[in-house]
Amino acid sequence: MTINAAVIPFLNNNSFDNNNNGNSWRDNLNNYGNSIKNTFNNYGNSLKNSFSNLFGNSSSNSLGRPQGVNSPLSSSNSNGNGRRYHYPVIFIHGMNSDDTAFDVHMNFLARQGWDYGSMFSVDLPDKVAFGPINAEVISSEVDQLLQRTGAQKVNIVCHSMGGANTMNYILNAGGARKVNKVITLGGANKLVTSNAPEGVDVTTISSSADLIVNPLLSKLNGANNIIILGVSHIGLLNSPEVQRLLLQILQ
């Protein structure tokens, strides 16, 4: 797949990390916000086509799960049967994408012992931005998953603009008390904040080869910031290295 995108020049020279530039980084961020929207509009169409090619002919149900798979509900503690119990996981897609974006990672986690009933991929109504409409939908889906599983908190895995939507939900829509961990994959996190939300364990995973979201836009103060090599922006959604990290962090 060819992605029509350019590296954003004003992300050079650590402009997001220089505290001596006053508000210059905020100006850069505002400019970048406008640029990334245009870039993602083109990218989103390519993303949909790629996932159609990946899953269109597979033997799976609407969530891309292999037919007949049923994994035991398994937090990081063992229950009385010796099975691992994991926090339920909410997946949040990026710009111009949908709830099938995380099918590969969901299937992987199911093979590692996660119950499909403890995972849910959100389909955001606003496909190009972050704001109160998406935050309301995320909040509703989190509440429903908590009610179904009986858990007190969820973990969130998000991609691209899903990072901005996740940070907005946590900081501005009451999500902080309901979220245990957040893992962002190429997340446009700094469109909302430069700091990891207090009380939430945040890991940012970005790639040196990502031409859509520069790692500096993902990096947050107070987070565990990981940069991997050679994985494209869409590749973060099916990378074995990302899966290894997901397994390690979500256990």
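These are my notebook entries on one predicted chain, with a focus on helix H4.

**Ground rules.** The model is predicted, so I noted that local features need pLDDT of at least 70 and side-chain atom pairs count only at pLDDT 80 or more, while totals for chains, interfaces and linings use all residues. Residues are numbered from 1 along each chain as its sequence is written, and side-chain values use heavy atoms, with hydrogens and water left out.

**Whole chain.** I looked up the secondary structure and got six helices and eight strands. Helices (H or I, at least four residues) and strands (E, at least two) are DSSP runs, numbered from the N terminus. Going along the sequence, I wrote down the pattern α-β-β-β-α-β-α-β-α-β-β-α-β-α. Of the 251 residues, 53% are buried. Buried means under 20% relative accessible area, exposed over 50%, and partly exposed in between (1.4 Å probe, protein chains only).

**Helix H4.** H4 covers residues 161-172, and its 12 residues reach 16 Å from first C-alpha to last, close to the expected 16 Å. The expected span is 1.5 Å times one less than the number of residues. How many residues of H4 are buried? I got 10 of the 12, so to speak a mostly covered helix. Among them are Met161, Asn165, Tyr169 and Ile170. Just after H4, I found Gly174 with a positive phi of about 80 degrees.

**H3 against H4.** Next I checked helix H3 (residues 132-149): its axis comes within 9 Å of the H4 axis, and the two cross at roughly 75 degrees. Axes are lines fitted to C-alpha atoms, for helices over the stretch in contact, with angles from 0 to 180 degrees between N-to-C directions. H3 and H4 are therefore roughly perpendicular (that label takes 65 to 115 degrees). On the H3 side, the contact (heavy atoms within 4.5 Å) uses Pro132, Asn134, Ala135, Ile138, Ser139 and Val142, and on the H4 side Asn165, Asn168 and Tyr169.

**Ser139.** I zoomed in on Ser139, which lies in H3. Ser139 counts as buried because its relative accessibility is 15%. Leaving out residues up to four places away in sequence, Ser139 touches Tyr169, Ala173 and Lys178.

**Met106.** Last, I looked up Met106, in helix H2 (residues 103-111). With 0% relative accessibility, Met106 counts as buried. Its C-alpha is 8.8 Å from that of Phe91, which is 15 residues away along the chain.

Methods
Parallel < 35°, antiparallel > 145°, perpendicular 65-115°, else oblique.
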